[in-house]
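Here is a short report on one protein chain. Please keep the sequence and the 3D view open while reading.

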Amino acid sequence: MVPWGGLSCCLSAAALYLLGRSSGRDAEVLKTVTRVNQLKELAQLLDLESKMIPIIVTISGRVGSETPINCQHSGLRGVIVEETAEQHFLKHNDAGSWIQDSALMLSMCKEVPWYLDDGTGRVYVVGARGAAGFALTVGSEVFEESGRSIVRGTLDYLQGLKMLGVKRIEQVLPTGSSLTVVGEVRFTYGPS
């Protein structure tokens, strides 16, 4: 007879041990990251450590852009804007009851060149959307009910659908918001 309880306990302990080692390695890597207190220090750091590639740093500042996006629904100005629209409806199933469902109608993302500014300098940020832990702020979330007409209601009913409306969500990285970034520094010459 195999002691399954003991075996599963040992396997769980091994998995937790490996997970802990992985997290420990991540913590050790983060300890080696260079903290840049003022963005003007970044150019000096690049001169000193240009032979060490890549250079991983932590920088903080306020989000800015020369060409921010004006959000349609929230009125905010941002550098990254994601818009989604979902059609919500009830559908008639085989058992004769109505089940709520939705379908994605629109998923769009806009991004303009943007930077962090701490008052001493600017650093342009590239590739933030793919970063771990990066999340946008919900700028606007609106539900627009479907208009009702006798003809539309009859057609929907015959198809086994009842249209409820459209949910629109606008997520944004607003200009002026404070942000801290951990990432690789690459030196590029900007416009003179």
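Strands here are DSSP runs of E at least two residues long, and they are numbered from the N terminus. By that count, His88 sits in strand β4. The model is a predicted one.

## Overall fold

The protein chain has three helices and ten strands. Their order along the sequence is α-β-α-β-β-β-β-β-β-β-α-β-β. The chain has 192 residues, and 24% of them count as buried.

Take the contacts with a separation of 6 or more: 68% of them join residues 24 or more positions apart. The chain exposes about 13,400 Å². Carbon and sulfur atoms supply 57% of that area.

## The nonpolar core

In soluble globular proteins, nonpolar side chains tend to be buried together. The largest nonpolar core in this chain holds 23 residues. Leu42, Val57, Ile59, Val79, Trp114 and Leu173 touch the most other members. Six elements each give at least two residues to this core: α2 (41-48), β2 (55-64), β4 (77-92), β6 (114-117), β7 (122-125) and β9 (161-174). Strand β2 provides the largest share, four residues.

Which residues does Leu42 contact, leaving aside neighbours within four places in sequence? They are Val36, Val57, Val123 and Val185.

Is His88 buried or exposed? Its relative accessibility is 12%. Buried means under 20%, so His88 counts as buried. The His88 side chain makes a polar contact of 3.1 Å with the side chain of Glu86.

Set aside residues up to four places away in sequence, and His88 still touches a list of others. Gln100, Asp101 and Ser102 are among them. The list also includes Phe143, Met163, Leu164, Gly165 and Lys167.

## Tyr115 in strand β6

Tyr115 is placed in strand β6. At 7% relative accessibility, this residue is buried. The C-alpha atoms of Tyr115 and Val63 are separated by 5.9 Å, although the two residues are 52 residues apart along the chain.

Beyond its neighbours within four places in sequence, Tyr115 contacts Arg62, Val63, Gly64, Ser65 and Glu66, among others. Its contacts also include Arg122, Val123, Tyr124 and Val125. With Arg122 there is a polar contact too: the two side chains are joined at 3.1 Å.

## Salt bridges

Side chains of opposite charge can pair when their charged atoms come close. How many salt bridges does a search of the whole structure find? The search finds seven.

One of them joins Arg129 and Glu82, with the closest N and O atoms 3.6 Å apart. Arg129 lies in the loop between β7 and β8 (137-145), and Glu82 lies in strand β4, so the pair ties together parts that are 47 residues apart in sequence. Arg129 is partly exposed at 44% relative accessibility. Glu82 is partly exposed at 25%.

Lys91 and Asp101 form another salt bridge, at 3.0 Å from N to O. Lys91 is in strand β4 and Asp101 is in strand β5, ten residues apart; the pair links distant parts of the chain. Relative accessibility is 34% for Lys91, which counts as partly exposed. Asp101 is partly exposed as well, at 29%.

## A salt-bridge network

Arg122 and Asp117 meet in a salt bridge of 3.5 Å, N to O. Arg122 is partly exposed, with 43% relative accessibility. Asp117 is partly exposed, with 26%.

This pair belongs to a network of salt bridges that links Glu66, Asp117 and Arg122.

## A nonpolar surface patch

Which residues form a nonpolar patch on the surface? Met105, Leu106 and Met108 do, with about 240 Å² of accessible area together.

Met108 is located in strand β5 (residues 98-111). Its relative accessible area is 33%. A patch residue needs over 30%, so Met108 passes that cut-off while counting as partly exposed.

Note on methods
Residues numbered from 1 in each chain as written. Predicted model: local features only at pLDDT ≥ 70, side-chain atom pairs only at ≥ 80, totals over all residues. Heavy atoms only, no water. Buried < 20%, exposed > 50% of the residue type's maximum accessible area, 1.4 Å probe, protein only. Contact = heavy atoms within 4.5 Å. Areas by Shrake-Rupley, 256 points an atom, 1.4 Å probe, with all protein chains shown as cover. Core = buried A, V, L, I, M, F, W, Y, C linked by side-chain atoms within 4.5 Å. Patch = residues over 30% accessible without salt bridge, like charges linked within 9 Å, V, L, I, M, F, W, Y side chains within 5 Å. Salt bridge = Lys/Arg side-chain N within 4 Å of Asp/Glu carboxyl O. Polar contact = N/O pair within 3.5 Å; in protein donor to acceptor, adjacent residues only side chain to side chain.
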